[in-house]
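Here is a short tour to read alongside the model. Please keep the viewer open as you go.

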Amino acid sequence: MSSAPRKTAGAGVLRAALAVAHKELGESFRDRQTLLYTFVLPLCMYPAMFWIMVQGVLVVQGQKQARDVTIGVVAAAETAEAAREQLAVNEEGRGRIEVIALPPDTPQETQVIAGLIEAEEADALLFHPAERDDADPAALFFDSTSSQSETARGRVVSALEQWTAELRQEAADARDIDPEALEPILVQTRKVNPSKDDGALVLSLLLPMLLVVMCVLGAFFPAVDLTAGEKERQTAETTLLLPIPRLGLHLGKIFAVCATSMIAATLNLLALGLSAGHLLGQLAGLGDGAPKVELPLGALISIAPLAALFAFFVSAALTGVASLAATFKEGQALLGPVQMLFMLPAMATNLPGMELTATTAWIPVVNVSLAFRGLLVGSASAGPLLICALSLTASALLAIWFSVRLLSSEEVSLSSETIPMARLFRILRSR
Amino acid sequence: MTDLTSAIAIRAEGLAKTFHDPQRGVVEAVKGVDLDCRKGEIFGLLGPNGAGKTTTLRMLSTILAPTSGRALIDGIDVAEDPLEVRRRLGFLSGSTGLYPRLTGRETLRYFGRLHGLEGDRLEAAIARAFDAFDLHSFGDGRCEALSTGQKQRVSIARAVLHDPPVLILDEPTTGLDIMASSDMIQFIDSRREAGTCVLFSTHILSEAERLCDRIGIVYDGRMLAGGSLDELRAMTGKEWLEEIFRELVQRADAGEGAA
């Protein structure tokens, strides 16, 4: 065939594929499940989920602060009275701290103290040394499995810090020295990175995995719907009679699945990025040290070509496997394990030490997730990104071949029974 | 002779199809079917379920590739240029095969576009189909919400929108109620006058008797006999199609050549 007719044939295939994809997309967006996973989930669920989470945390924190707690103090009578004065401070918006004096001979034994806390004699016990210059430190006992006891611990530690500062000030005044001189080593920790880098780090743990998961979930229902669903609806015969090249028909289906996958991933990334920025900031009270989460537009734009290749890879693979099923339900069952093959490697990229290198860049799924993380935190370099692009292109082409091979098979396209995976290789090898 | 050959719209020569079934092994669904169907002629394939009618029609319409033999639609080999064959073909089955989430109008627009109709030509063809098959009251509703009869009308409109010279209908009245079935029979009858070659399969004897210019009796993957009703009567010595059918099947089971 000369190059001109080949070009015309190629254009015909592409035109047909686009026409089929357009129709299939239109139909898919009238399907409730596809709409739910592609639009409703990202646009409503993340903001709602974050809002509920933040409100929940704020409510729980508020309730904790408003609780009355009882502290049992074990000390000599004079020290116990001093502790009562210092600890039982009433602050606005906070619950009362009631201090009760326990017998000074109360044993400092875990079992005995646990019994007292369990019997609600006190929420936490403070063993105070008899003298200020006693070598033994003060000991605070609490039950970490009890929310009430844990709250009491926090309140006492905070009050003790304040008391310590007052005692230090008194001692310094008595000696006419600077109170800081009583601290042998003063440490102040300061970050050298801007707080938005912390935000990027937070997003780098969330967004790469979300990219993979949403590409897979976005492709899941359309892949089943356009293959097994078509057989179940008895429209496969009609589709095979379309006056277009079969390659164009099969590519059109893959294009449609891929478009849904990309739309789902994009909307999810945008929605999560925006929600996380707004609501995590609210949660952290927007203090100076709080991570500043901004929508990483630069990284999103940079990852787009690799994400598109990955979406083709996922969509073609899922479409191919789903075509083996005879019904929508069986298609879902077939794709269940297959989607885990994509999601598990993506989850593994959150393990410590995983980064995009010349080696990991060859591994499909892992590479796109690590590349995205690298772009988010600014550590990605050109070499591994190029390898990543080559690997994903090869994976996508292989998956498209796999899918078109199966869709072209008479045994697959018109079968009224789900084809077992054991016959997969025979079908792929057949002429 | 030349005229007769040029008037042939469907030709099958030794058409055969073998499947590999995991439970039954190699299954010969069609074992060398020969048939000719002329323009303006209605040809009925009559046979019981599992006789090979659907497989034969699927090979002629390029859905399945023949294992051996040859088939021509409007002079074009189905194996050599299946795309051109599909352009000259209208196909219809009892299940209608309509995309449930598209409306009738969207269905016609989609098929019309793929058949090369664009712009005003496409809209005019759709308008004609709406008039001809009286789709106005339901043609803009999703196909999934239509009654069986309404679906069948949309399906017919889709099959003939591009005015194909050949129509292949696979048990087109199966599952239809009396009115819808009657509409379908009228439609098939009307295509004769339009010069369309209609090949349809059925297991309903009265349909075949009423509609067909010629009938082919298919049994166990073979064409036992083919011809007009009078020719079949002469061949078997029987009057009614049911008797003719029984006679031919008994001869086949007894191992006698039929036609």
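## A hairpin in chain B

Let us begin with strand E10 (residues 222–227) of chain B: 5 of its 6 residues are buried, so the strand is largely enclosed by the rest of the structure. Here a residue is buried if 20 or more other C-beta atoms lie within 10 Å of its own, exposed if 12 or fewer, and partly exposed in between, with C-beta atoms placed from the backbone. Strands (E, at least two residues) and helices (H or I, at least four) are DSSP runs, numbered from the N terminus.

E10(B) pairs with strand E9 (residues 214–219) of chain B in the antiparallel sense, over 5 bridges; pairing requires that DSSP finds at least two bridges between two strands. Across this pair, Ile215(B) stands opposite Gly227(B). The hairpin has 2 residues between its strands, and Asp220(B) takes a positive phi near 50 degrees.

## About the model

This is a predicted model, in which local features need pLDDT of at least 70 and side-chain atom pairs count only at pLDDT 80 or more, while totals for chains, interfaces and linings use all residues. Residues are numbered from 1 along each chain as its sequence is written, and chains are lettered from A and ligands numbered from 1 in the order in which they are written.

## Where the chains meet

Contact between chains involves 19 residues of chain B and 17 residues of chain A, two residues being in contact if their C-beta atoms, placed from the backbone, lie within 7 Å. On the chain B side, helix H3 (82–87), strand E6 (89–93) and helix H4 (104–114) each supply at least two residues.

## Chain A: overall form and cores

Chain A has 15 helices and 4 strands. Its radius of gyration, taken over C-alpha atoms, is 32 Å, well over the 22 Å that the globule rule gives for 431 residues, so chain A is more spread out than a compact globule. That rule is 2.2 Å times the number of residues to the power 0.38. The C-alpha trace of chain A spans about 105 × 45 × 35 Å along its principal axes.

The largest nonpolar core has 163 residues, and Leu211(A), Val368(A) and Ala371(A) have the most contacts inside it. Such a core is a set of buried Ala, Val, Leu, Ile, Met, Phe, Trp, Tyr and Cys residues joined through C-beta atoms within 7 Å. Helix H6 (residues 195–226) of chain A gives this core its largest share, 16 residues. A second, separate core of 22 residues includes Ala83(A) and Phe127(A).
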